[in-house]
Amino acid sequence: MLRMDNSSQQNPSLWESVLPPELFQMNEELTKVDKMLQDERFFAPFREKFGTTMGRPTTAVATYLRMMYLKHRYQLGYEVLVKEVSDSLAWRRFCHLDLGDRVPDSTTLIKLTHKYGADTVRALNDALVLKLKEEKVVRGKKLRIDTTVVESNIHHPTDTGLLHDGIRVITRVVSKLKKVASGIGSRFVKHTRKAKKVYLGLMKAMKGRTGQDDATLDKARGKLVKITEEVIADGRAVQAESELLQEKPPLVDRLRKQLGEWIEAVEKVVWQTKEVIRGNRRLPRRVVSLFDVGARPIKRGKSRTDTEFGRKVLIGETDHGIITTHEVLEENPADATLLKTGVKGHRRLFRKRLKAVATDRGFYSKNNENWLKEVGVKQVSIPVRGRASKERRIEQKEPWFRRLQRFRAGAEGRISLLKRVFGLDRSLMRGNSGAEIWVGRGIFAHNLWQAARTS
């Protein structure tokens with residue numbers, strides 16, 4: 001049964017009347033955020049999708065929303081978040097928890113985050129932007145668009161490292177199956193120590209080499225591929241044995257399914273490693289992680305990291321630093337193809353209010369510029385790529401154009417803030433849906449924080 005708020009908040013406990021009120025006093029930021037989240041529109045997405053009167057009462061939505069704000073605002077882990085809320089009387093009051101109420105467990109918060117999903121987070125962001133629009137905090141007449149990369153929580157990928165990971169995970173799942181269902185996997189041979197020895201020897205040889213790849217390195221790679229293929233074959237045999245069991249607990253089916261998924265992923269790594277050994281280094285949809293298959297290598301050309309491994313994110317920001325639209329992209333499309341997506345996402349909430357758009361030169365194309373003018377955008381500040389004509393140079397020196405370019409430059413600072421303060425440097429949730437939830441939660445916390453600062 002879905003609960004919107006904690007009923008104990010209506011009747012404060014005896015302890016609250018005895019203890020000094022200063023202990024429960026929230027700071028100015030949390031006070032403003034708490035007031036904003038009391039709006040009924042933030043409960044509507046939960047009622048529409050999860051509203052029911054059957055079953056046990058869930059964690060109150062008001063409590064969940066506030067705990068997620070604290071998590072992303074202060075970049076806390078779930079267990080640390082639960083501990084901090086339990087220990088702080090002010091944070092308890094902010095989360096609408098009485099002294100006698102139990103703080104939701106960390107596993108409960110994780111399950112609820114996955115249950116509510118990315119669509120609910122997007123609806124919450126839309127509701128907040130519309131609320132700020134109605135209160136005239138933002139006007140939505142200007143929009144600046146930029147892209148960034150939210151990295152996945154993975155180690156730097158190499159084909160040999162992925163093979164080593166594949167051997168470990170297949171062996172681990174088979175070991176669990178052998179414990180749950182006796183009599184299967186008796187012929188499965190553990191190659192983890194052998195694979196580790198070959199892998200470490202390969203890494204040592206690569207660090208000490210002076211030239212390019214040679215026959216010694218290819219031979220070591222081939223040896224690791226051979227070991228992986230043996231593990232895959234043994235894993236397939238264990239999977240077939242588990243299917244023939246007469247009486248099997250539900251855990252066996254779940255582990256068998258996991259084993260099949262791991263084997264399919266490792267087979268792709270084996271194939272791409274063989275292609276690299278043959279000299280083919282241009283592989284489409286190359287796997288860079290077994291634990292987050294959707295992560296992509298994205299070349300950004302930065303001095304610190306030339307290539308980042310994760311997902312490209314489009315961010316559109318209006319006046320007062322409020323992010324009105326965002327998209328988590330599965331591939332690495334050119335920025336010029338994303339301009340319409342960002343503008344349409346903003347206009348979905350602000351309709352015909354948009355009058356000025358500012359981006360960097362990566363978003364420029366003649367078609368984009370013409371389209372913006374057709375939909376009613378009066379001022380388009382996008383520097384042309386390449387050598388500009390005389391008329392174009394004159395236009396780009398106009399005061400309004402340069403003013404909008406200064407406005408655009410603030411997008412880089414906003415992205416830096418999102419990465420440093422709200423956790424958008426690295427997604428700690430796996431998969432495309434997990435990344436969408438992580439990015440959406442971070443942006444929702446940022447918009448609440450920014451609205452509290454400007455109001």
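Trainee: Why is R351 called exposed?

Mentor: Its relative accessibility is 65%. The cut-offs are under 20% relative accessible area for buried, over 50% for exposed, and partly exposed in between, with a 1.4 Å probe and protein chains only. At 65%, R351 is over the 50% mark, so R351 counts as exposed.

Trainee: What should I know about the model before we go on?

Mentor: It is a predicted model, in which local features need pLDDT of at least 70 and side-chain atom pairs count only at pLDDT 80 or more, while totals for chains, interfaces and linings use all residues. Residues are numbered from 1 along each chain as its sequence is written, and side-chain values use heavy atoms, with hydrogens and water left out.

Trainee: Where does R351 lie, and what is noted about its phi?

Mentor: R351 is in the loop between helix 12 (339–350) and strand 5 (356–358). Helices here are DSSP runs of H or I with at least four residues, strands are runs of E with at least two, and both are numbered from the N terminus. The phi of R351 is positive, about 55 degrees, although R351 is not a glycine. Most residues other than glycine have a negative phi.

Trainee: Which loop holds H320, and what makes H320 partly exposed?

Mentor: H320 sits between strand 3 (307–317) and strand 4 (323–329), and has a positive phi too, of about 65 degrees. Its relative accessibility is 43%. That value falls between the two cut-offs, so H320 is partly exposed.

Trainee: How do you know that F24 is buried?

Mentor: F24 has 4% relative accessibility, which is under 20%, so F24 counts as buried. Its place is the loop between helix 1 (14–18) and helix 2 (28–37).

Trainee: Why is T63 called buried, and what does T63 touch?

Mentor: T63, in helix 4 (residues 61–74), has 2% relative accessibility, under the 20% limit, and therefore counts as buried. Leaving out residues up to four places away in sequence, T63 touches C95, H96, L97 and P104. A contact here means heavy atoms within 4.5 Å.

Trainee: What makes R73 and E29 a salt bridge?

Mentor: The definition asks for a side-chain nitrogen of Lys or Arg within 4 Å of a carboxyl oxygen of Asp or Glu. For R73 and E29 the N to O distance is 3.0 Å, so the pair qualifies.

Trainee: What is the distance for E243 and R256?

Mentor: Their closest N and O atoms are 3.5 Å apart, which is within 4 Å, so this is a salt bridge too. E243 is in helix 10 (residues 215–243) and R256 in helix 11 (residues 250–278), 13 residues apart. R256 is buried, since its relative accessible area of 18% is under 20%, whereas E243, at 45%, is partly exposed.

Trainee: How are K131 and E135 connected?

Mentor: By a salt bridge, with the closest N and O atoms 2.9 Å apart. K131 is buried at 8% relative accessibility, while E135 is partly exposed at 45%. K131 and E135 also belong to a network of salt bridges with D39, R41 and E134. A search of the whole structure finds 30 salt bridges.

Trainee: Which residues of helix 2 are buried, and how do you know that they share a side?

Mentor: The buried residues of helix 2 are E29, L30, V33, D34, M36 and L37. They cover an arc of only 160 degrees around the axis, so they are on the same side of helix 2. The arc is taken from the directions from the helix axis to the C-beta atoms. An α-helix has 3.6 residues a turn, so residues three or four places apart point the same way. On the other side of helix 2, E28 and K35 are exposed.

Trainee: What covers the buried residues of helix 2?

Mentor: The cover includes helix 4, helix 6 (89–94), helix 7 (106–134) and helix 16 (431–454).

Trainee: How many helices and strands does the chain have, and how much of the chain is buried?

Mentor: There are 16 helices and seven strands, and buried residues make up 51% of the 455 residues. Of the contacts with a separation of 6 or more, 71% are between residues 24 or more positions apart.
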